[in-house]
Amino acid sequence: MSGPLADRLRAQFPEAVTGPEQKGVPEAVQVAVGALPEVCRFCRDDSELDLQALSCLSGVDYPDRIELVYHLISYRRKHELVLKVRLDRDRPQAPTVAEVWKAANWHERECFDLLGVTFAGHPDLRRLLLPDDWVGYPLRKDYAPPTEYHGMSHHRADPLRPVAPEVHAGGEVPRAR
Amino acid sequence: MPAELKDLAQLREMALPIAGETMVNMGPQHPSTHGVLNFLLVTDGEVMHRAIPHVGYLHRGMEKLAEEVPYHGYMPFTDRLDYLAAMSANQGYAMAVEKLLGCGVPPRAEWLRLIACELNRIASHLVATGTMAMDLGAFTPFIHWLREREVINDLTEALCGSRLTYHYLRIGGVGYDLPAGFADRTLRWLDHFEPMIDEFDRLISHNEIFVARLANVSPIGAAMAIDYGLVGPNLRASGVDWDLRRDLAYSVYPECQFEVPLGRGYRGVVGDCYDRFVVRVLEIRESCRLLRQAFERLPEGEIQAKVGRKLKLPAGEAYARVEAPRGEMGFYLVSDGGESPYRLKVRTGSFSAMSIIEALSHGLMIADLVALIGSLDVIAPEVDR
Amino acid sequence: MECILTSAEWFLNWGRASSIWYLLFGSACCGIELMQTGGPRTDLDRFGAVPRATPRQADLMIVAGTITYKMAERLRLLYEQMAEPRYVIAMGSCANCGGLFQRSYAVLKGVDKVIPVDLYIPGCAPRPEALADAIVKLQQRMRQEKWLRTVRAPQP
């Protein structure tokens with residue numbers, strides 16, 4: 001079961017585009033990573049697909065791969081399409097689509113920040129949400145948070161274990177700080 | 001080398017400073033950045049050459065937390081995704097889960113969801129328009145709106161016990177039914193509130209100084225808005241006629257009558273800051289209309305579908321979009337058959353709105369940057385999640 | 001002498017307690033409730049508490065909202081920029097102890113890890129009345145503080 005958008009894309013790129021991907025999500029296709037920018041440009045410029053905007057770029061960490069999922073939408077035609085790209089989990093690299101949709105710029109930065117996917121050709125691939133000296137990619141399934149960051153401990157004392165209150169000797173209220 | 005200096009060195013390379021340029025830091029604690037947002041302004045004194053945004057000061061790891069918390073248990077977290085539009089965030093998540101679960105929502109619950117979301121939309125737009133005025137120096141309209149917002153807070157407190165982070169919408173419906181007299185109370189408040197919008201207009205919307213600060217400032221054309229992924233009132237102010245409640249309609253919006261205000265260059269060009277302001281004020285009026293319709297047509301019935309306390313969704317994925325006050329909120333949910341989501345990605349309107357600011361900042365004065373940030377209605381938790 | 005010092009102290013404390021200027025620092029959801037508390041219904045201005053944009057002019061920092069590790073260093077900077085006597089109110093669960101985000105990798109589990117806190121307000125988000133109550137309690141504490149006499153060392 002697949003929809004007209006997926007069919008049209010498959011017809012245009014018979015080798016690069018396969019699918020359908022998921023039952024219940026008819027307009028979803030699998031795209032080969034090398035052809036991604038070309039496919040995206042076609043999606044945007046083709047008069048039938050007319051997928052003007054990139055709604056969402058997500059990265060998902062599966063046990064055998066990292067998958068990038070592009071949700072595209074057309075405002076004029078009121079339809080949507082999902083593109084999926086499989087990346088090697090050990091060296092996840094993909095070409096950027098920031099020239100096709102400028103929205104992708106920050107989405108790709110976030111993907112890099114949280115999943116470690118590098119986007120070749122991206123104008124400014126830096127961490128976005130986490131501090132610049134953060135180590136690791138939190139959205140990966142094998143991520144272990146650090147025990148501390150810049151001296152701030154990750155740990156919070158157990159609230160159920162009582163702590164002896166501080167007593168000011170002599171009953172004096174401490175001096176204003 | 002400390003992280004900030006390393007970043008600065010990198011930025012210097014990119015910014016190619018010329019003699020006479022200063023770098024000024026704006027935020028993350030700042031009265032006019034809406035939440036903890038930071039801009040590095042490369043300026044020659046008053047006119048900016050670039051405004052480099054730094055975000056992530058409120059990055060709480062919401063998406064990772066989703067993988068560790070059961071489906072029902074994640075709902076309170078969605079409140080904090082956009083605390084001014086908590087009902088819409090709740091709805092988006094609920095819709096994604098319900099899509100995957102394949103469960104329907106009873107009609108009464110759908111109408112209650114609409115009531116909750118529209119009431120929340122009014123509250124959110126009150127803050128958006130009020131803080132816009134406040135950032136430009138007009139404190140009084142904001143205080144008026146805070147007074148009205150207190151009544152909305154009272155109403156939601158009567159509805160679900162909470163003033164801000166509601167956890168009202170649940171998977172399969174809503175959490176509580178309307179208390180006795182709620183409809184009358186809300187309708188009476190709407191009778192009082194609609195003239196207040198006129199008063200607000202008289203107070204600030206047509207004030208010449210206010211208009212001069214906003215009109216013709218940072219116009220965003222339709223093509224640029226779509227390219228950068230702007231959504232919601234920002235997109236509509238640029239002239240793109242798109243509203244999820246009408247175009248990819250969900251819930252009971254197809255049964256309602258409402259207009260979708262568009263930017264028309266009310267006092268300047270299409271897509272300038274004033275258009276974004278006016279679109280929000282007009283949307284408040286439309287939400288009042290929707291609320292009245294909802295109370296008239298509210299059916300009797302169940303308020304929540306039977307979904308069980310421990311939810312295990314079938315393996316698969318779903319993408320649900322809702323029209324939140326700040327634009328489309330998309331929830332991409334991937335399930336592997338377990339009790340928690342395998343992956344939840346939240347796509348928010350403010351994320352894209354924040355990314356466009358740098359592109360628009362060249363040649364803008366610092367005061368205009370304040371107007372731009374206010375008009376785009378950027379809010380930190382949506383950007384950072 | 002004692003009489004004069006006590007009156008002077010009373011006067012100074014009354015002045016300080018009646019004009020607590022707080023730093024406008026709203027980080028997350030509690031920031032909205034802070035804003036509403038400054039609004040017409042629960043008016044913080046009647047306590048003399050007005051928001052200031054810069055820490056240099058603030059006596060009180062109400063940490064309203066979640067503090068992430070990235071923000072925590074800036075928080076420490078802001079605290080250090082405040083002139084003494086300075087106070088900190090941790091408003092809401094996130095500022096108290098990390099709140100809802102106990103399992104988050106990026107959230108500081110309690111603002112008292114980086115700055116000393118005088119008052120904790122529980123709630124998520126606390127009601128404006130709770131914040132007003134906190135200001136009242138802070139005022140009570142301020143009125144009891146001794147400026148002009150040193151704290152007596154504990155007797156052996």
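Where chains B and C meet, 26 residues of chain B and 27 residues of chain C take part in the contact, with two residues in contact if their C-beta atoms, placed from the backbone, lie within 7 Å. This is a predicted model, in which local features need pLDDT of at least 70, side-chain atom pairs count only at pLDDT 80 or more, and totals for chains, interfaces and linings use all residues. Residues are numbered from 1 along each chain as its sequence is written, while chains are lettered from A and ligands numbered from 1 in the order in which they are written. Helices (H or I, at least four residues) and strands (E, at least two) are DSSP runs, numbered from the N terminus.

**The side of chain B that touches chain C**

- At least two residues each come from α2 (62-66), α3 (75-81) and α6 of chain B.
- Of the elements on this side, α6(B) gives the most, with five residues.
- By class, this side of chain B has 14 nonpolar, five polar and seven charged residues; Ala, Val, Leu, Ile, Met, Phe, Trp, Tyr, Cys and Pro count as nonpolar, Asp, Glu, Lys and Arg as charged, and the others, Gly among them, as polar.

**Domains of chain B**

- The domain assignment gives domain 1 (3-54) and domain 2 (62-347) in chain B, with bounds that come from an automatic or database domain assignment.
- Taken over C-alpha atoms, the centres of domain 1 and domain 2 of chain B are separated by 32 Å.

- Strand β8 (residues 343-347) of chain B is mostly covered, with five of its five residues buried; a residue is buried if 20 or more other C-beta atoms lie within 10 Å of its own, exposed if 12 or fewer, and partly exposed in between, with C-beta atoms placed from the backbone.
- From β8(B), R343(B), K345(B) and R347(B) point one way, L344(B) and V346(B) point the other way, and all are buried.
- Strand β7 (residues 327-335) of chain B pairs with β8(B) in the antiparallel sense over five bridges, where pairing needs at least two DSSP bridges between two strands.
- Opposite R347(B) in β8(B) stands G330(B).

**R292(B) in helix α12**

- R292(B) sits in helix α12 of chain B and counts as partly exposed, with 16 C-beta neighbours inside 10 Å.
- Leaving aside neighbours within four places in sequence, R292(B) is in contact with L187(B) and L190(B).
- R292(B) and L190(B) are 102 residues apart in sequence, and their C-alpha atoms are 8.3 Å apart in space.

**Backbone angles to check in your viewer**

- As background, most residues other than glycine have a negative phi, and most peptide bonds are trans.
- H167(B) is not a glycine, yet has a positive phi of about 50°; H167(B) lies in the loop between α6 (140-160) and β4 (169-170) of chain B and is partly exposed, with 17 other C-beta atoms within 10 Å.
- S251(B), also a residue other than glycine, has a positive phi near 55°; S251(B) belongs to the loop between α11 (244-247) and α12 (273-297) of chain B and is partly exposed, with 19 other C-beta atoms within 10 Å.
- In chain C, a cis peptide bond with omega of about -5° joins E84(C) and P85(C), and P85(C) is in the loop between α3 (69-81) and β4 (87-91).
- The peptide bond from C124(C) to A125(C) is cis, with omega near -5°, and A125(C) is found in the loop between β5 (119-121) and α5 (128-144) of chain C.
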